[in-house]
Amino acid sequence: MQVMAMSLSIDYVLFLCRRFRDEIKSGSSTKTAVYRSLLYAGHVVIMSGITIVVVFLGFTFLPSRTVVMDGTSCSIGVTVTLLVALTNTPAMILSFPLFFSTFNGFCGKCASPYGVGTVRANV
């Protein structure tokens, strides 16, 4: 369950941050970019999370006690992940707007013109 919650959290946060960067590149202010990223990408994150929660809650109707416990715990984990992604991500972006608007990957200085993580051999 922890791996699934972490992977969903990363996915949701990256989706929102990418939308924020697109808005910044189009010339929006920080507050407007956060608003638009939540407006346009937030509903996708919400619907994805709700769908996954409903699926896991469906596990509670199965006869196996283990599956019922897994479904319940996973639905709670996804709900918490959804709430954290939709509240903490905008708060972090508004707290550190320069970092999130100029972030060029894990190592911006070592990015290759051929793509991140690619190395061209000198031939």
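Reader: How many helices and strands are in the chain?
Author: There are five helices and zero strands. Those labels are DSSP runs numbered from the N terminus, where a helix (H or I) needs at least four residues and a strand (E) at least two. This is a predicted model, in which local features need pLDDT of at least 70 and side-chain atom pairs count only at pLDDT 80 or more, while totals for chains, interfaces and linings use all residues. Residues are numbered from 1 along each chain as its sequence is written, and side-chain values use heavy atoms, with hydrogens and water left out.

Reader: ok, and what order do the elements run in?
Author: Starting at the N terminus, the order is α-α-α-α-α.

Reader: How much of the chain is buried?
Author: Of the 123 residues, 25% are buried. Buried means under 20% relative accessible area, exposed means over 50%, and partly exposed is in between (1.4 Å probe, protein chains only).

Reader: And what about the accessible surface?
Author: That comes to about 8,500 Å², and carbon and sulfur atoms hold 69% of that surface. The areas come from the Shrake-Rupley method with a 1.4 Å probe, and for residues only the protein chains shown count as cover.

Reader: Switching topic: how many salt bridges are there?
Author: The structure has three. A salt bridge here is a side-chain nitrogen of Lys or Arg within 4 Å of a carboxyl oxygen of Asp or Glu.

Reader: Why would side chains pair up like that?
Author: Side chains of opposite charge can pair when their charged atoms come close.

Reader: Which residue does Arg-18 form a salt bridge with?
Author: Its partner is Asp-22, with the closest N and O atoms 3.6 Å apart. Both sit in helix α1 (residues 2-25), four residues apart, which is about one turn of the helix. Arg-18 is partly exposed at 46% relative accessible area, and Asp-22 is partly exposed at 33%.

Reader: What does Glu-23 meet in a salt bridge?
Author: One partner is Arg-19, at 3.0 Å from N to O. Glu-23 and Arg-19 are also four residues apart in helix α1, about one turn. Arg-36 and Glu-23 meet in a salt bridge too, at 3.5 Å from N to O. That pair links distant parts of the chain, with Arg-36 in helix α2 (residues 30-40) and Glu-23 in helix α1, 13 residues apart.

Reader: So is Glu-23 buried or exposed?
Author: Glu-23 counts as buried because its relative accessibility is 7%. Arg-19 is partly exposed, at 28%, and Arg-36 is partly exposed as well, at 32%. Arg-19, Glu-23 and Arg-36 are linked in a network of salt bridges.

Reader: New one: where does Thr-81 lie?
Author: Thr-81 is in helix α4 (residues 65-95). Thr-81 counts as buried, since its relative accessibility is 8%.

Reader: What does Thr-81 touch?
Author: Leaving out residues up to four places away in sequence, Thr-81 touches Ala-5, Leu-8, Ser-9 and Tyr-12. Contact means heavy atoms within 4.5 Å. The side chain of Thr-81 also reaches the backbone oxygen of Gly-77 at 2.8 Å.

Reader: How about Ile-52, what does that touch?
Author: Ile-52 touches Leu-8, Tyr-12 and Val-78, again not counting residues up to four places away in sequence. Ile-52 is in helix α3 and is partly exposed, with a relative accessible area of 21%. Ile-52 and Cys-74 are 22 residues apart in sequence and 9.0 Å apart in space, C-alpha to C-alpha.

Reader: And which helix is Leu-57 in?
Author: Leu-57 is in helix α3 (residues 42-58). Leu-57 touches Gly-71 and Ser-75, with residues up to four places away in sequence not counted. From C-alpha to C-alpha, Leu-57 and Thr-72 are 6.1 Å apart in space, and they are 15 residues apart in sequence.

Reader: Which residues line the largest cavity?
Author: The lining is Leu-16, Val-34, Ser-37, Leu-38, Thr-89, Pro-90 and Ile-93. The elements giving two or more residues to that lining are α2 and α4.

Notes. A polar contact is a pair of N or O atoms within 3.5 Å; within protein, one must be able to donate a hydrogen and the other to accept it, and residues adjacent in sequence count only if both atoms are side-chain atoms. On a 1 Å grid over the protein atoms alone, a cavity is a set of points where a 1.4 Å probe fits but cannot get out, and a pocket is an open set with protein on both sides within 12 Å along at least five of seven lines; lining residues have an atom within 4 Å of a point.
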